[in-house]
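Reader: Could you walk me through the structure shown below, one question at a time?

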Amino acid sequence: MKAKWNQMVIVVLLLVVITSIVVYTWIGIAEIIHYFDHVAYESITTVRILGL
């Protein structure tokens with residue numbers, strides 16, 4: 001019973017770690033996409049102002 005309980009705890013901890021890594025990765029990707037989107041928008045606006 002004790003060994004089974006330890007196994008359960010390890011599995012749960014692994015799931016929590018994997019989930020948090022996935023969530024952080026998704027947030028990071030979303031931030032990067034948002035940043036590039038902003039940079040692209042800014043450069044397009046600058047080009048328009050310069051009249052090119």
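Reader: What percentage of the 52 residues in the protein chain do buried residues make up?

Author: This is a predicted model, in which local features need pLDDT of at least 70, side-chain atom pairs count only at pLDDT 80 or more, and totals for chains, interfaces and linings use all residues. Residues are numbered from 1 along each chain as its sequence is written, and side-chain values use heavy atoms, with hydrogens and water left out. Buried means under 20% relative accessible area, exposed over 50%, and partly exposed in between, with a 1.4 Å probe and protein chains only. By that rule, the buried share of the 52 residues is 0%.

Reader: How many helices and strands are there in the protein chain?

Author: Helices (H or I, at least four residues) and strands (E, at least two) are DSSP runs, numbered from the N terminus. Counted in this way, the protein chain has one helix and zero strands.

Reader: How far apart are the end C-alpha atoms of helix α1?

Author: The expected span of a helix is 1.5 Å times one less than its number of residues. Helix α1 covers residues 2-50, and because it has 49 residues at 1.5 Å a residue, it should span 72 Å. The model agrees with this, since the distance between the end C-alpha atoms is 72 Å.

Reader: What radius of gyration does the protein chain have?

Author: The radius of gyration is taken over C-alpha atoms, and the globule rule is 2.2 Å times the number of residues to the power 0.38. The C-alpha atoms fill a box of roughly 75 × 10 × 5 Å along the principal axes. Whereas a compact globule of 52 residues would have a value near 10 Å, the protein chain has 22 Å.

Reader: Which residues form an aromatic pair?

Author: Rings of Phe, Tyr and Trp (its six-membered ring) pair if their centres lie within 6.5 Å, and planes under 30 degrees apart count as stacked, over 60 as edge-to-face and the rest as tilted. A search of the whole structure finds one aromatic pair. With 5.9 Å centre to centre and 65° between the planes, the pair is edge-to-face and is formed by Y35 and F36.

Reader: Is I18 buried or partly exposed?

Author: I18 lies in helix α1. Because its relative accessibility is 49%, I18 counts as partly exposed.
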